[in-house]
Amino acid sequence: MHSVLSTILKRLGLGLITLLVVSAIIFSAMAMLPGDFGEAVLGQAATEDTVAAFRRELGLDRHPVLRYFDWVGSVMQGDLGTSFSGRAASGVDRSREVTDLIGPRLKNTLFLAGVTAVIAVPLALILGLTAALFRNSFYDRAVNAATLTTIATPEFFVAYILILLLASLWPVFPSLANVDADTGLGERLFRVALPSMTLTLVIVAHMMRMTRAAIINLLASPYIQMARLKGASQSEVILKHALPNAWAPIATVIAFNLAYLVVGVVVVEVVFVYPGIGQLMVDAVTTRDIPVVQACALIFAATYILLNLIADVIGIVTNPRLLHPR
């Protein structure tokens, strides 16, 4: 088997094992939460028999190990369970499937992440390349100062500053990103402008600085010196010689930040009341809806692992030592 394919298969296997371990951690964390869901829903006036019957209906009276394997088996079949929301002591079941709850919210989160990525990734690459091209210039120092400022500023603070400037003092964009299934593409883009700006300011700094550092590190390589001796211009040296060999670290940091766009949007979605999966998870934690919390956390973990696997594969494929083994 070729070394590249073998390495990729090993990474995929490690990713699956990691996801299994993370699923066990998620389930254990939910099982160890203090309090009882049945008592929280039925109230303190409920009798022990009523609470026991309610727990039996939800399957919470079974051993946690059995419930974990049942949950993992259902997830492998595409069944994330049934939401606890809507269940009542009266016996009326108004609960919904977790997939029905998560589906529209996940689409909204992916839409926000996609819009942000389309803006942030090219912007970060351009800023990183130009900062490396004009190293130690006023432009380089200004870009570094701006990116360090955004890195040091919490997301919610950036969000509130943008709301103050662009939604309150100068009402250009709406402060609430409330969208639904009937919202058109143009209106949806208009309403997610401020959340997208917030995420862009947060992640573009990391990608820009990694791009700049990777390019500058490669500029001291012998083959770069040879290209310069052959008369190549600074832009040709960076674009044709340095950039192709810098894709591995750049792809890694881009994957990390794209994973953050899906995993770390919880704060931004809460601030702008955006109906994404992060907001759904916060609401589920508030109502102690365990199946929804577990499903959201598992989706976050799977997204993070998948994007990091893609970054590993890109790093492996672009590594000449693996592509051309001796």
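Residues are numbered from 1 along each chain as its sequence is written. In this predicted model, local features need pLDDT of at least 70, side-chain atom pairs count only at pLDDT 80 or more, and totals for chains, interfaces and linings use all residues, while side-chain values use heavy atoms, without hydrogens and water.

**Exercise 1.** Find how far helix 9 reaches and where its kink is centred.

Solution. 
- Take residues 193-218, the 26 residues of helix 9. Helices are DSSP runs of H or I, at least four residues, numbered from the N terminus.
- From first C-alpha to last, helix 9 reaches 36 Å. That is close to the 38 Å expected at 1.5 Å a residue (1.5 Å times one less than the number of residues).
- The kink, about 30°, is centred on isoleucine 203. The bend is the angle between axes fitted to the seven residues ending there and the seven starting there.

**Exercise 2.** Decide whether isoleucine 161 is buried, partly exposed or exposed.

Solution. 
- Locate isoleucine 161 in helix 7.
- Recall the cut-offs: buried is under 20% relative accessible area, exposed over 50%, partly exposed in between (1.4 Å probe, protein chains only).
- The relative accessible area of isoleucine 161 is 33%, so this residue is partly exposed.

**Exercise 3.** Classify glutamine 294 and list its contacts beyond four places in sequence.

Solution. 
- Glutamine 294 lies in helix 15, residues 290-317.
- Its relative accessible area is 6%, so glutamine 294 is buried.
- Leave aside neighbours within four places in sequence: glutamine 294 contacts Ile26, Phe27, Met30 and Trp71 (heavy atoms within 4.5 Å).

Methods:
Helices (H or I, at least four residues) and strands (E, at least two) are DSSP runs, numbered from the N terminus.
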